[in-house]
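Please go through this structure with me, one feature after another. I would like the general idea each time, then the case here.

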Amino acid sequence: MDTDELIAGQRRAILDGDARAAGELARRAIDAGLDLQACIDQGFAAGIQEAGRLFEDGDFFLPELMQSADAMKAAMDVVRPALLEQSGAAPSGPKVVIGTVQGDIHDIGKTLVATMLAAGGFAVVDLGRDVPLAHFADAAEREEARIVALSALLTTTMPGHGKVIELLEQRGLRGGVSVLVGGAPVTQGFAREIGADGFAPNAPEAVLEARRLAASGP
Amino acid sequence: MTRSIASLLAERVVLLDGGVGSELIARGLELGRPPELWNLERPDDVRAVHAAYVAAGSDVVQTNSFGASPFVLARHGLGQRAGEINTAAARIARAAAGTQRLVAGDIGPSGESLPPVGAADPDELADGFARQAQALAAGGADYLSIETMIDLREALCALRGARAACDLPLTACLTFDRKKRGFFTLMGDAPGDAVKALADAGAAAAGANCSVGSEAMAHLLPELLAAATVPVIVKPNAGLPEVADGGTVYRQQPIQFAADLARMAALGARAVGGCCGTDARFIAALRDALSAPDPASPAGGDV
């Protein structure tokens, strides 16, 4: 198998949601001494981006996207330590604190975003569901998070997003932390109104938005 | 004596009701608190919401038990109270409905996901739904309405559990989003396949609720009608949500909603009502639209 074939296989493993194959092809790339960053960019990450596009189009659904994210995570768990040796890159990406806000017990979307972010190289601290609003500020401070990601499924709980932003401001944390909001009823307009830095309508776009926020600096 | 839902559906278009949780919030329910607790704490307020729908013309009122499966209640630390909460929900609705209207025991999604998305066990799901169904039946529900399901498999678990727990008629609605390729549940179930499978599993009627407004629902309806072997239910939201004052509001006017739904009834939908953002005004407008001589133009022009 030449390098191009290997990288194509890595992309395919992610699209197939095959965690075992993804891990194995990551190991093979390490053994062959390949440029691991190229494997990520053209292989694994290209696969997860394609999965996200298929999800938005309605060719992939939650089960397929979840399996692709799990495969991506399996590959990255193998690649990350080797990448550190090869290039001295940071062992993990920017830190994200994520959770569903107080009063809201829904977590399917939040968990998917957390998985996709972890697959995308972020260090994810998942606070769970029905999280007291102050806990987001506590965790952002304790974890020195770069991003706080907030989810709500209910129109009645989404105002909690704005209150978390106020809490971060009150504690003087707002300068170093970007706030990303989402959830079924959350819109771009709502995000703007409450002063959030980022908004995403679905999990694949949440990863792109988190990358944008991390790159734009606090 | 109360008619059965099956005979009513066979005879004419059945008018369902609208949103319940939002109406309880309007009456002072604290945000983030489970609305179903009011079945025990504020039964008169719950009854008043049902009564408003009865006055508006609903043939059916749905119990305040959407989030009263043992799974959802457990997330609020109330799992052990599922029985009393559901039985109270059915009793309250029964009192408001009297003997002339039907009480539909409302069963919503568990919030748990079956593999590969989550780790829920189908038998445990069916058992939990059975407990809810049994308690709703004990409180006097005429039939059980499973709705807002995002996974056909979970809806089938609910049908199986409810059937094991009681002899009441069962109906089931999934919730579909609009994608580039058409309408699908979050898990990828297509509307036609879904209503067929729900009917095969014993649903007396099947259809779609929530997620989309009346305009998109009108596009989804033909897919349901083409495949359904049982009467079709549609319960859209009040248009698309808009942002205002740090929250979401639905701005569609009842008259437009009613016109869309009456057109769907004319096309073959047999049970029509509203979901998020709809209230008794929507149901009253829909009642008028359904009784208009030409259901294709029920508003008669001026709004």
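**Reading the contacts and the fold**

Q: How many residues of chain A are in contact with chain B?
A: Two residues are in contact if their C-beta atoms, placed from the backbone, lie within 7 Å. Here 27 residues of chain A are in contact with 23 residues of chain B. On the chain A side, α4 (62–87), α7 (159–170) and α8 (188–194) each supply at least two of the touching residues. Helices are DSSP runs of H or I with at least four residues, strands are runs of E with at least two, and both are numbered from the N terminus. That side of chain A divides into 11 nonpolar, 11 polar and 5 charged residues. Ala, Val, Leu, Ile, Met, Phe, Trp, Tyr, Cys and Pro count as nonpolar, Asp, Glu, Lys and Arg as charged, and the others, Gly among them, as polar.

Q: What kind of model is this, and how is it numbered?
A: This is a predicted model, in which local features need pLDDT of at least 70 and side-chain atom pairs count only at pLDDT 80 or more, while totals for chains, interfaces and linings use all residues. Residues are numbered from 1 along each chain as its sequence is written, and chains are lettered from A and ligands numbered from 1 in the order in which they are written.

Q: Which domains does the assignment give for chain A?
A: Domain bounds come from an automatic or database domain assignment. For chain A it gives domain 1 (3–87) and domain 2 (95–216). Their C-alpha centres lie 26 Å apart. In chain A, 12 residues of domain 1 are in contact with 10 residues of domain 2. On the domain 1 side, α3 (36–57) and α4 of chain A each supply at least two residues; the largest share, 8 residues, comes from α4(A). By class, this side of domain 1 has 8 nonpolar, 1 polar and 3 charged residues.

Q: How many helices and strands does chain A have?
A: Chain A has 9 helices and 5 strands. From the N terminus on, its elements run α-α-α-α-β-α-β-α-β-α-β-α-β-α.

Q: What radius of gyration does chain A have?
A: The radius of gyration is taken over C-alpha atoms, and the globule rule is 2.2 Å times the number of residues to the power 0.38. A compact globule of 218 residues would have a radius of gyration near 17 Å, and the 18 Å of chain A agrees with that. Along the principal axes, the C-alpha atoms of chain A fill a box of roughly 55 × 40 × 25 Å.
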